[in-house]
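Keep the viewer open while reading.

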Amino acid sequence: MRTADGRQIVVAADAEALARLAAQRLIARIELHRERPAICLTGGSGPQRMFELLATEFADRIPWPRVHWFISDERFVPFGDPLSNMGTIKRVLLDGRAPPENVHAIPAGDSATPDEAARRYQHELQSFYGAATLDRARPLFDLVLGGVGPDGHTASLFPGWPQLGIRDRWAAGVDNAHVEPLVPRVTLTFPALASCAEMLFLVHGASKRDIVGRVFAGDDLPAGHARSIGETVWLITADALPETLRDR
Ligand SMILES: O=C1O[C@H](COP(=O)(O)O)[C@@H](O)[C@H](O)[C@H]1O
């Protein structure tokens, strides 16, 4: 189904079906890009099963030497910390498969402050992109993965926090998180996240039903404001689908 504002909603029967559909969409995006596909991963519960599938059943379908991997946000902790988004993804999916130079982690572990890590990541993104200004005709990413937290945050863009209004930077430090884990963060900003052919939200579980309902009711929530310049797709399990989105 498609919402009036152009977002697409795809309903999966359960978390396993969602992970399989997501893996297939990610691979399809890679296949569309013949040179250097750029995939922006995310943390949280949404994509974890998909990462396991990409590391096993789907691993042979990924042209590992060509694909570059980025991350939408990071907790300001060392890689080895279980809270590290990219550290976790490396262990489950990327280590031993992706060439290390293709893994573009936010340098949270060796920066003095979240702002410094954000500046360094913006520089890395701009070097990869080959320009300091985003061109709508040439998206930065082929795919950006997203999740929605219980408060409506996505990446580490929290409701009411000043990072929501940043238009002139690609990454920003976040001194205080709004929900657990209460550690400082680094996040890509809306303009950088939007620069993609597809933004794919992965949401499963009954605990997400209320917040998904609020996102699509038009509440002022970061996840509701996140849009791709290309396709914005919400992949939602049946148990996370609010009443208001059923039978449309
Ligand atoms: O803190 C974070 O939360 C969001 C949503 O995660 P979820 O576990 O509630 O699904 C995630 O997208 C983000 O990368 C992560 O840092």
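How far apart do the end C-alpha atoms of residues 14-234 lie, and what share of the span is helix and strand? The ends lie 14 Å apart, and the span is 32% helix and 17% strand.

## Model and numbering

This is a predicted model: local features need pLDDT of at least 70, side-chain atom pairs count only at pLDDT 80 or more, and totals for chains, interfaces and linings use all residues. Residues are numbered from 1 along each chain as its sequence is written.

UniProt lists residues 14-234 as "domain: Glucosamine/galactosamine-6-phosphate isomerase", in an unreviewed entry. UniProt positions follow the numbering used here, feature names are shortened, and annotations may be inferred rather than shown by experiment. Helices (H or I, at least four residues) and strands (E, at least two) are DSSP runs, numbered from the N terminus.

Ala, Val, Leu, Ile, Met, Phe, Trp, Tyr, Cys and Pro count as nonpolar; Asp, Glu, Lys and Arg as charged; the others, Gly among them, as polar.

Strand 9 covers residues 231-237, and six of its seven residues are buried (20 or more other C-beta atoms within 10 Å of their own, C-beta atoms being placed from the backbone). Strands pair if DSSP finds at least two bridges between them.

Strand 1 (residues 8-12) runs parallel to strand 9, joined by five bridges. Ala 12 stands opposite Thr 237 there. Strand 8 (residues 196-203) also pairs with strand 9 in the parallel sense, over six bridges. Leu 200 has Val 233 as its bridge partner.

Three strands form an open sheet in the order 4-7-6, with antiparallel pairing. Strand 4 (73-75) and strand 6 (171-174) are the edges, each pairing on one side only. Four bridges join strand 6 to strand 7 (residues 185-188). Ala 172 is bridged to Thr 187 in strand 7.

Helix 4 (residues 114-129) lies across strands 6 and 7, at about 165° to strand 6. Axes are lines fitted to C-alpha atoms, for helices over the stretch in contact; angles run from 0 to 180 degrees between N-to-C directions.

## Helix packing

Helix 2 (residues 48-55) and helix 3 (residues 85-94) pack at about 35°, with axes 8 Å apart. The contact residues divide into six nonpolar, no polar and one charged.

Definitions and conventions. Buried ≥ 20, exposed ≤ 12 C-beta atoms within 10 Å, placed from the backbone. Contact = placed C-beta atoms within 7 Å.
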